[in-house]
2 protein chains.
Amino acid sequence: MALKSFIEVHPDSHFPIQNLPYGVFKPQPNSSPRPGVAIGDYVLDLSEIASAGLFDGPLLNNSDCFLQVRHSSLSTLSLLFRRRLSFRSQVEETTEPTLRDNAALRQKSLVPMNKVELLLPVAIGDYTDFFSSIHHTRNCGIMFRGPQNPVGENWYRLPIAYHGRASSVVISGTDIVRPRGQGHPIDGTPYFGPSLKVDFELEMASIVGPGNELGKSVDINNAADHIFGLVMMNDWSARDIQFWETVPLGPFLGKSFGTTISPWVVTLEALEPFACDAPKQDPPPLPYLTEKVSKNYDVSLEVHVKPAEHKDSSLVARSNLKHLYWTLTQQLAHHTINGCNLRPGDLLGTGTISGPDPDSLGCLLELTWNGEKELSWNGATRKYLEDGDEVILSGYCKGDGYTIGFGTCSGKVVPSPQ
Amino acid sequence: MALKSFIEVHPDSHFPIQNLPYGVFKPQPNSSPRPGVAIGDYVLDLSEIASAGLFDGPLLNNSDCFLQVRHSSLSTLSLLFRRRLSFRSQVEETTEPTLRDNAALRQKSLVPMNKVELLLPVAIGDYTDFFSSIHHTRNCGIMFRGPQNPVGENWYRLPIAYHGRASSVVISGTDIVRPRGQGHPIDGTPYFGPSLKVDFELEMASIVGPGNELGKSVDINNAADHIFGLVMMNDWSARDIQFWETVPLGPFLGKSFGTTISPWVVTLEALEPFACDAPKQDPPPLPYLTEKVSKNYDVSLEVHVKPAEHKDSSLVARSNLKHLYWTLTQQLAHHTINGCNLRPGDLLGTGTISGPDPDSLGCLLELTWNGEKELSWNGATRKYLEDGDEVILSGYCKGDGYTIGFGTCSGKVVPSPQ
């Protein structure tokens, strides 16, 4: 914990030196966006560190990847962050002593996180959302296909997914406008108006690093090399709009009004101490989805809701990334098996991460059984979200004396336009 | 036809002065991409015209929109091209006489089209594909839902669509690698290998101009102002992959291996003389989809296939854009009703445009009834596409002594990687 010498990092902080997640920020409202690394309560401004000549490793020499935020920089940056050990030793051996002894540079390059504006960490070319939790899939299936055959035969054979909307992916803290749209007909005419069933979905998402060329597939055993890191994600859903429009081409406007992600990309290397076995898959996956080592990560996930009428939030659900049936690497390899090209910054959501227990369900659709049951959070009763409700997702791994965390992924539902 | 004085435009050319479609090209392999306008057999290099100071209208003064190809330029450019009359008078009054009298500028700015590389005309942020032809929908419905109830109740109420994959949209002339993937199980195990059912889909697509802010909707009667123009589109499909994966979240890898568009964006203003009434909609659309004037465009569409074993192509289908049930403006307004933001350069496909006749079906799925019937093109028999087959889509409107055309949208299927 070399940086402890001059940067105090609380053991509960999400951002100790073991994490070093990547983000993009503006130190002042009129600054240009720049890449940074979270450390304790600070953001380390990588453009200042690079300008000071402190990054001199082979990958970094003469690279402008810290100076500009754009697609083409991301591939380099993700490689760097993926080789986290060398990045960390660079920080420990060069950056840290220099910073400690150079007050002017420290002043310029270490910015209090609560003073900066955090932006989307990447330019998202395409956003894909998977459907990888068996618990979520089974619950939805029981509700809509019936208890006899809740999970389709294809689900056990491939990681089902749909293309999502990239334009409406927003950074944590952005308000979500309640969508208007059509719902199932009442007396022969479709409902039209503000959605009556606005929901959250507890997800995580991979951010693509290098990516692949169109027409070439990524081998399953190399797939991890294409994951820059993970973020928290709330795939806001309007269930009434979604269920009316969804046959036969899948979710569209029921999802595309907003998707929130957390600002810090946590690398797989930072999560490696928390790797765990993925669930046994039966039937066994086809060869192109069979991994030499098939792993999940033990990331504790929480959903808190602050109802409009309360000052405080209530814990609504607890789940864990380890509940995924299809692994992150299987998702990525499957995505490219047809030759589809992934580009740096693409976002691959896991789908709602529900666990096996009643309090580990990752969306209100499951928690209220599509509005059949009412929930009470300290007396605030809900079937779906109301205007003013704020949803806060968080994720963390507990290490020995430190925490690897994702910060928060929050958003408040605000009223539809008139 | 002012430019006729020095640029010969054949009456069958797709690009008379009545068209002036927008594209992006490289005059030399190592040039930077730049915007251009097609005129006869030439491309007019707008960056050269702007550098020569010939664009001096209020919109163009000091604008760098002709010098750079990027998202932020597109909004300005689309406004300009949308106000086609003023653009045309600019070309007629300033550009044409200057060009005619200035051999050096003519040499620099008028490039033979067959010498240039045409690129994607826009940076596509998001790609959406609709399902707006009743004939296509009904045929698919009869095949997969049965003849009793082939079209879902929701279809008549809203323009059904799915999010597509933007990364794999390619320019006409790009080879399409046959995708690998899973198909329906045979003896209990899914098929895996090169798709056995590679198909084309005859479509057109709107390119978004200005777009809208997240959380705000575009009024149906202003929706045309948000369409920069149209291109031809081939939404290549692997039917075996698509049908196995598609329940419950819609098409994914069965589509995302490639989508081809034509290089020239033809504005709605150029198509205006060919506007025609849209079909009467019954039930009447909800108010947010009800237009003061509801129109389609009479664009003749053709599919030619050059089978691998032939030198020449055969006409495979003829259709027309006027067969759309949901209009382009209804598609766009519906897309934003939930607050989803459209960005300059977004691509909105119409879905397969089939007509009512047996020879007006826009894909092999319909033409061969999912492989039940074999087609013969001058003796080359096909159920689906084989390696080496080239598909050429074209579209045009016949005016009085001139043609407004879209050029071609072509692609050849090449073998899967081993």
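**Close-up views of a predicted two-chain model**

View 1. Contact means heavy atoms within 4.5 Å; axes are lines fitted to C-alpha atoms, for helices over the stretch in contact, with angles from 0 to 180 degrees between N-to-C directions. Helices (H or I, at least four residues) and strands (E, at least two) are DSSP runs numbered from the N terminus.

This is a predicted model, in which local features need pLDDT of at least 70 and side-chain atom pairs pLDDT 80 or more, while totals for chains, interfaces and linings use all residues. Residues are numbered from 1 along each chain as written, chains are lettered from A and ligands numbered from 1 in written order, and side-chain values use heavy atoms, without hydrogens or water.

**View 2. Seven strands of chain B form an open, mixed sheet.** Their order is β7-β6-β21-β13-β14-β16-β8, with β7 (161-163) and β8 (169-171) at the edges, each pairing on one side only. The twist averages 30 degrees from one strand to the next. Strands pair if DSSP finds at least two bridges between them.

**View 3. Strands β14 and β16 of chain B run antiparallel.** Two bridges join β14 (residues 227-234) to β16 (residues 259-261), and B:N234 stands opposite B:T260.

**View 4. A rotation of 180 degrees superposes chain A on chain B.** The shift along the axis is 0.0 Å and the RMSD 0.0 Å, so the copies are related as by a two-fold rotation axis. In chain A, A:G250 comes closest to the axis, at 2.1 Å (C-alpha).

Note on methods:
Copies are superposed by least squares on the C-alpha atoms of residues with pLDDT of at least 70 in both.
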